[in-house]
Structures are given as structure tokens and as C-alpha cells.
Amino acid sequence: MTARIDATFARCRAEGRAALVTYVMAGDPDPETSLAVLKALPEAGADIVEFGLPFTDPMADGPAIQAAGLRALAAGQDLRKTLDLVARFREGNRDTPVVLMGYYNPIYVYGVTRFLDDALKAGIDGLIVVDLPPEEDDELCLPALAKGLAFIRLATPTTDAHRLPAVLKNTAGFVYYVSITGITGTATPDFGRVAEAVGRIRPHTDLPVVVGFGVKTGAHAAEIAHGADGVVVGSALVAALAGSLDPDNRATSGTVAAVGNLVRELAEGVRGAKSRG
């Protein structure tokens, strides 16, 4: 079910390092540039790609990702077009796992069964749907698992020992630990506390534990990589893309390179850090 994801973490473990997981918004700032950025991520050193699904009310996302979603929506991006971009990516890349990350409303409107079938055809490996708690697993999580898609759950600093088993029960692929309380891209995590939190999660699951929210630089990525199985970077990459746009939010000749250069820095940080064990 999670063959590409499992193979990627196995390869990273064999190399003695954490995986680099990178997030960008689908359709930002336009579909063709978004596809070029998506292709550039693994070329620059990303091991797993999270592809954001634009939504009008992204409650867990900070200003950078909110703005990216608005740019994508203004360019006409929707769920169908996002799946199409992944399918086009798969024409040249059969190995890099792609995880679709977003909110349930667009999937609900699209239709769950139709969405899952089309996601599999497009080449998506997993889903992160941040507004569906374990109590709502019948809505999407269980149907996704039955179809062969990983459903990746988030644990947070407020996920206590009583809540953690429910969070992990139907999780597949990896566990995503949110390193800060609050929205994306707004604070730098306390790296010592993150390591402690990862240590608390490990006895409860055999899945890899990756850490995201607040990682902005290669040095940050290296700090996280010492104790986690993977490092997630999103807002910093989205901000790098935004900083390359012209005053009308159109792509420039430096847009893809702006993202790729930061991914290379992050990859160097992750690969230079000694992982646990």
C-alpha cells in the first residue's frame, strides 16, 4: 500500500540519514510553473513531496501558505487540475512519493470514491487531511486505506498519551509531528523539546516520525534530522517562490531556481546530520 513511501524511508535509513519532505502549493503561481517546481524538488534533493490542495479557508496554515493558496485559486487551480499535475509529474518520475495535503471540503465536493480512484490513477501515495480527526475516520481515512492510499495523521505538542493511540490507530506511511503550537511558518521550534516529543511517540508506532512546521534553513533541518526520521519544510519554500514573483504575482525566470536552491540547502543540512541509530 505504501510501497514508494516505505522504499524511500528504507533508502534513507540505509544512508544513515533522515528524509527531506518538501511542501509546495499546487497551481502556485500558475499550473505550468507549479509543475516545473514539482519536478525540480526531487532533482534538488527532496525525498518526498507534499503537494498542497488550494482551499479558501486553510485554518492550519500561516500567511505564506494562505497567500500561495489564493494565488493558485486565482489562477484557476482546483482538485481535478491538481490531480492532472501529479499525473504529468508521474510521466517522468515513478519513484518519488507524492502526498496530497489539504482540507476535506474540496474532496467532499468532488466525491470521496471518485477522488480516491482518480488519486490512485494520478500516482498519489498518501493523504494528509488536517481537518478530519480520528472520530471521522469513516469519512475518508478508512476508504483511503481500503483503496491503497496511506492516510497520514498529525500529532502535535498537545497530543497527550491518552489521545496518541487514537491518532496512530489508522495512520499509515509516516507520522507527522507538528513541532509548534499554532499555524505554519510562524515560529522556530525548540529543537530539544522536539527531540523529546519524537522520543515519546516512537514506542507507540513502528512508522517513521517526521517533523515539520517552523523549519526554515539547512541548519534547522539538520537539528531536526538528528532525532527524527524525516524533516518537513513548507512555508520557507512557498515564501522563496513568492519572493521570486513579479509585482503581479507572475512567475519570473528565477522562480523555479529560487525553490530549488533552498531545497539544495535543506538537503545538505539533512544529509550532513547524523540520524539516530
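Does Ala119 count as buried or exposed, and at what relative accessibility? At 0% relative accessibility, Ala119 counts as buried, where buried means under 20% relative accessible area, exposed over 50%, and partly exposed in between, with a 1.4 Å probe and protein chains only.

Before going on, please keep in mind that this is a predicted model, in which local features need pLDDT of at least 70 and side-chain atom pairs count only at pLDDT 80 or more, while totals for chains, interfaces and linings use all residues. Residues are numbered from 1 along each chain as its sequence is written, and side-chain values use heavy atoms, with hydrogens and water left out.

Ala119 sits in helix 6, residues 112–122, helices being DSSP runs of H or I with at least four residues and strands runs of E with at least two, numbered from the N terminus. Apart from neighbours within four places in sequence, Ala119 is in contact with Leu83, Ile124 and Leu149, contact meaning heavy atoms within 4.5 Å.

Glu50, in strand 2, is also buried and has no salt bridge, with Arg90, the nearest side chain of opposite charge, 13 Å away. Here Lys and Arg count as positive and Asp and Glu as negative, leaving out His and the chain ends, and a salt bridge is a side-chain nitrogen of Lys or Arg within 4 Å of a carboxyl oxygen of Asp or Glu.

The structure holds 18 salt bridges. One of them joins Arg88 to Glu32, with the closest N and O atoms 2.9 Å apart; Arg88 lies in helix 4 and Glu32 in helix 2, so the pair ties together parts 56 residues apart in sequence.
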